[in-house]
Amino acid sequence: MLKYAATKYQFKYHPLCKELKITNLMFADDALMFSNGDAVSMMLLLKSFSTFSKTSGLKVSSSKSNAYFNRVNEELKSDFLSVSGFKEGKLPFRYLGMPIQTTRLKKKDCECLVDKICNRIHSYGARKLDSPCAGYRRSPLVAWDTICRPKQEGGLGLKNQELWNIAMVGRLVDWIATKKESLWVQWVNANYLKGSSWQDYTAPSNSSWVWRRIFKVKQVLANGYSQGVWQVQQAGYTPAGCYEWLRGARTKVEWHNAIWECWNLPKHRFMGWLITHKSLHTNSRLKGFEMNVDGMCFLCGQAEETQKHLFFECAFSRRVIQELMKTSGLRLPDSDVLHWCIHNTDLKKQRKVKNALVLSAMYQVWQQRNKSRIEQLVLRPSRIALLIIDDMKKRIKERDKRKLTAHKLDWLGRLSFI
Ligand SMILES: [Zn+2]
């Protein structure tokens, strides 16, 4: 109807919709309508809308609809609002949880998303995590760059959000490069490219920040294209493939299997991961930060508390491993336990159980070290060995519920501690 009005009457399109003659966009049960800001066009827009309502029987809820104006005089604005019954909307407004605005998104605009994620983490782990988000601005124990690597490369498998964002925006860059059939690509061609080649295009400095951002991503991905075709993946552009390309090749670490083994409890895996990165705040390290500590081991008082001493040399840790061997009936290493885990050549199931016990022992040593620091008391190594075995039994029962077959349980059943 509006297209008809544009040919028959004086309906003028919104300046940025003129080329493609766009009068409205629909998304699920929401509709957006556009027109130029002159009296005739705005009234024709309302008239077409009321004709549509009468014909289709579909009515708009005026109280839930908003009108947004840009450089429209006050008198015309108030006439439009009184005739339509709409309220005047102001930018930014929220649509599907995201702020919609014409200017650059600022940190405070996105804070609601951070709060939402933090609330979710709180609800998941309120009982087990110690204020997971309260200190999210504190510097992490391991560098973010390392944390954001896959587990095989020594990280925690989190995505590097900066690179992931480039890869996702890159999808839009690729749509333009491959001239994908979409209204948005047509709109971009009509309003920005205007017939010029995307390969040689430079965004004008007065264009919108969204467009300048897309152009910046195009420059970052330029080396991945040849003659407008994405060369990195044979099957064409995907954000996941682009992300890997942006990350670049990294070497795998030899210890990831020993640490992330499915039989290790999550808290033990995390402790093992921190130990491999030498990130625990041992006394020796705290002394290096010029804190008021003497740097000596809390558990034996015989040497400086480095990670190497605490987990691999300390008399207390060695006693824990000896007691563990006695209680479990398994042979375990008496020094450099982590190195032993990594190079453990036992058969698969035996290796998994032994590695889980060793990691559990390291976790307990760190717990006792903290206990000794705060409460000035520690558990006896024989008692710790029993705690470790209890943890192991629980884990085996958990696995049992999932996929342990009778055959696999047979071997476990022969272990003396089960
Ligand atoms: Zn010690």
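This is a predicted model: local features need pLDDT of at least 70, side-chain atom pairs count only at pLDDT 80 or more; totals for chains, interfaces and linings use all residues.
1. Strand S1 (residues 24-27) and strand S2 (residues 30-33) run antiparallel and are joined by four bridges. Phe27 has Asp30 in S2 as its bridge partner. The hairpin of S1 and S2 has two residues between the strands, and Ala28 there takes a positive phi near 50°.

2. On to helix packing, starting with H6 and H8. Helix H6 (residues 161-177) packs on helix H8 (residues 209-220) at about 100°, and their axes are 9 Å apart. Angles of 65 to 115 degrees count as roughly perpendicular, so that is the label for H6 and H8. On the H6 side the contact uses Ile166, Val169, Gly170, Leu172 and Val173, which meet Arg213, Ile214, Val217, Lys218 and Val220 in H8. By type, the residues of this H6 and H8 contact come to seven nonpolar, one polar and two charged.

3. The other pair to look at is H14 with H16. Helix H14 (residues 315-328) and helix H16 (residues 348-375) have axes 10 Å apart and pack at an angle of about 140°. Only angles over 145 count as roughly antiparallel, so H14 and H16 are oblique to each other. Their crossing is right-handed.

4. Which residues in H14 meet H16? They are Ser317, Val320, Ile321, Leu324 and Ser328, and their counterparts in H16 are Leu357, Ala361, Gln364 and Val365. The residues of the contact of H14 with H16 split into six nonpolar and three polar, with no charged ones.

Technical notes
Residues are numbered from 1 along each chain as its sequence is written. Axes are lines fitted to C-alpha atoms, for helices over the stretch in contact, and angles run from 0 to 180 degrees between N-to-C directions. Angles under 35 degrees count as roughly parallel, over 145 as roughly antiparallel, 65 to 115 as roughly perpendicular and the rest as oblique. A crossing is left-handed if the near helix is turned anticlockwise from the far one by less than a right angle, and right-handed if clockwise. Two residues are in contact if their C-beta atoms, placed from the backbone, lie within 7 Å. Ala, Val, Leu, Ile, Met, Phe, Trp, Tyr, Cys and Pro count as nonpolar, Asp, Glu, Lys and Arg as charged, and the others, Gly among them, as polar. Two strands pair if DSSP finds at least two bridges between them.
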